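Me: I would like to go through some of the labels attached to this model and ask what each one rests on. Please set every value against its definition.

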Amino acid sequence: MERTASEPLLTCQGVDKYFGALAAVRDMTFDVFPGEALGIGGPNGAVKTTLFDVISGLNPATAGSITFDGRTITRATPDRTCQLGMARTFQLNAGFDTLSARENTLIAAYFGRHNRLVPGMRFDRETQRLADEAMEFVGLDEVAHEATQTLPVYHRKLLMVAGALATQPKMLLMDEPVGGLNPQEIDDVMALVRRLKERGLTIMLIEHVMRFLVRLSDRVLIMHHGEKIFEGSASGLVYDKTVVDVYLGEGSSRRLRHLLEDQPSSDEGASGAP
Amino acid sequence: MFETGPNWRRDVAFGAVLIAVLIAIPFLGPSRYFIGQLTLFFIWATVVSQWNLVFGVAGIFSLAQMAIFAFGGFATGMMGLYLGISLWFTLVLAGVGSILFSIIIGLACLRLRGPYVALLTLAIAQVMYLLIITDTACFYMEGVTCRNFTGGTRGLAKFGDFGFRELLGRREYLKGDYYLSLFLLVLATVFSFAIIRSPLGFAFRALRDNPEYGVSRGLSRFKYQLLVFAMSAFFTGLAGGVFAGHFRVIGANVLSLPLLLFLISMMVVGGLGRAWGPILGAALVMLADEGMKDFVEIRNMGYGALIVAIVVLLPQGAAGGLEQVWDWGRRQVLALRGGADRPAAGRAGEGRRE
């Protein structure tokens, strides 16, 4: 089952998504390779989240094909794609509100790893271990028994990551992981994403905050009106005329350029950047 | 708040005491009325305990429970009457049939959300009601009397009972029905406890809280919605059959709106989605109903006042309120024991990190 690095983990081939006559996603073709982080950016309404819905099966593609880990998942339901190893976090604070944080993660660990034809009478040891590990990895073990609805936004974001991790994914789709967080929390999430990459997880992430996007992603894909307008390295992004015109503007592309030149690999003092 | 606590010893102990008391009651020489009311209580509590799985735990606003109950009752009675087989046998067949009936309702509700499920399921129950009371065609003749297939407005009768009359005699037969329905309630309650506390119960609650997030964590809405409809149907259908056998008649009135509201209020008073809710709620509502029997003019008002009081003062229901009292008492006891080094209930993670 071991795959070589040259073989993509996820392949989207000519993916279209129509809502009636409206084309939301048009002819998206790209690969995501094992172990890399692909950042997805673009202005509001670029249907980045819809692309995630299409890939994860929440809102299946109208045309084209999606292959994940050697299987075609174009028409797969979201519970199936999750069990195949594709875990997702949401832009809004999704969670099982009336359950405790740990129970949220337990459910993900139990049902998210493989299909339970006949669920058992209790959460087995392995499930408990995976859930506790995931909670500890994101740093939520101290609030494990709190009700999810009482957790602050930051903890709820982390809880989504814990739930995703507990399903033992090969790939993580993160939708605006730092939206609504303060600079300190943003840095903490950035550190968390780095640790996820170190674990060998393949990551696709949507982000508005450009400094976050370019510094976490190995490659960047910029969308506009449902189409890909750029795909390539983060450093190439600031020189691309279409991206600068459509999305970044002169000012922020200059600032980003400085950011990339000043700190090519480390991220000390990043919180001061725009 | 959470049903997962290490409270199963308490629940087992409480349940055992309750069962022992209920087994003993008929030996204490109660009135026939009392025995009859308790029998009815067991039947309603059984239905509510299963309805609670769909409505409270899975959060699907299905009002089909009495339709399933009626299905079980009529299936038991009709098979007994037309096939001439023992009600014990038709009861089990009716229970299995109820599962299929419920799955069909679940399928019909699959694409609906929230109040639309309530509308559709209520419509199903009302259609059944109308089909029964407008059934005037002669299915067979009994002498010169015309009998309808469903029993029509008169209700279906003459299908016999569970044989306790022959076994125990006319004076004692009520005790047979009493123990049968108690047994049914115990089975149904153990079943619902097991579901609520198992991963399956968490799957139901997860999909109730957030269906989109639930499917993204590996939960198939299709599978678990059908499963909860199927699982809640068996004991409901059996309860319908026991009801029919107990009264030796079953009619369209079990599908009436007042009865439906009576049972819904049991669920609300007891606490939606809570394991002990159905039994507590059924007991409280039946007690309140009993207490107001002599004051017909204020009965409906008093009954409404009880529901308002519970919804306002105890939004978690009686079971939720008791749970809070229990947790509070537990903390006090732990504190008295000088258990400063012991983490309080539900906070087992505290103090593990420096």
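Reply: Helices (H or I, at least four residues) and strands (E, at least two) are DSSP runs, numbered from the N terminus. The model is predicted: local features need pLDDT of at least 70 and side-chain atom pairs count only at pLDDT 80 or more, while totals for chains, interfaces and linings use all residues. Residues are numbered from 1 along each chain as its sequence is written, chains are lettered from A and ligands numbered from 1 in the order in which they are written, and side-chain values use heavy atoms, with hydrogens and water left out.

Me: Why is Glu176(A) called buried?

Reply: Buried means under 20% relative accessible area, exposed over 50%, and partly exposed in between (1.4 Å probe, protein chains only). Glu176(A) has 10% relative accessibility, so it counts as buried. Its phi is near 45°, a positive value in a residue other than glycine.

Me: What makes Asp27(A) exposed?

Reply: Its relative accessible area is 57%, and therefore Asp27(A) is exposed. Asp27(A) belongs to strand 2 (residues 22–32) of chain A. Its phi is also positive, near 50°, in a residue other than glycine.

Me: Why do Arg80(A) and Ser252(A) get their accessibility labels?

Reply: Arg80(A) has 35% relative accessibility and so counts as partly exposed. Ser252(A), with a relative accessible area of 24%, is partly exposed. Arg80(A) is in helix 2 (residues 78–83) of chain A, and Ser252(A) is in helix 9 (residues 241–262) of chain A. Ser252(A) and Lys170(A) are 82 residues apart in sequence and 34 Å apart in space, C-alpha to C-alpha.

Me: How do you know that helix 1 of chain A is largely enclosed?

Reply: Eight of the nine residues of this helix (residues 48–56) are buried, so it is largely enclosed by the rest of the structure. The buried residues include Leu51(A), Phe52(A), Val54(A) and Ile55(A), and also Lys48(A) and Asp53(A). Gly57(A), with a positive phi near 95°, follows helix 1 of chain A.

Me: What makes chain A as compact as a globular protein of its length?

Reply: Chain A has nine helices and ten strands. Its radius of gyration is 19 Å, close to the 19 Å that the globule rule gives for 274 residues, so chain A is as compact as a globular protein of that length. The radius is taken over C-alpha atoms, and the rule is 2.2 Å times the number of residues to the power 0.38. Of the 274 residues of chain A, 56% count as buried.

Me: Why does chain B get that description too?

Reply: Chain B contains 13 helices and four strands. Its radius of gyration is 22 Å, close to the 20 Å that the globule rule gives for 354 residues, so chain B too is as compact as a globular protein of that length. The C-alpha atoms of chain B fill a box of roughly 85 × 55 × 40 Å, taken along the principal axes. In chain B, 51% of the 354 residues count as buried.

Me: Why is Leu53(B) called buried?

Reply: Leu53(B) has a relative accessible area of 0%, so it is buried. This residue is in helix 2 (residues 32–57) of chain B. Not counting residues up to four places away in sequence, Leu53(B) touches several residues, among them Phe191(B), Ile195(B) and Val228(B); contact means heavy atoms within 4.5 Å. Leu53(B) and Val228(B) are 175 residues apart in sequence and 7.0 Å apart in space, C-alpha to C-alpha.

Me: Why are helix 1 and helix 6 of chain B described as roughly antiparallel?

Reply: Helix 1 (residues 8–24) and helix 6 (residues 164–197) of chain B pack at an angle of about 170°, with their axes 11 Å apart. Axes are lines fitted to C-alpha atoms, for helices over the stretch in contact, and angles run from 0 to 180 degrees between N-to-C directions. Angles under 35 degrees count as roughly parallel, over 145 as roughly antiparallel, 65 to 115 as roughly perpendicular and the rest as oblique. The two helices are therefore roughly antiparallel to each other.

Me: What residues make up this contact?

Reply: On helix 1 of chain B they are Asp11(B), Ile19(B), Leu22(B) and Ile23(B), which meet Tyr178(B), Tyr179(B), Leu182(B), Val186(B), Phe193(B) and Arg197(B) in helix 6 of chain B. The contact residues divide into eight nonpolar, no polar and two charged. Here Ala, Val, Leu, Ile, Met, Phe, Trp, Tyr, Cys and Pro count as nonpolar, Asp, Glu, Lys and Arg as charged, and the others, Gly among them, as polar.
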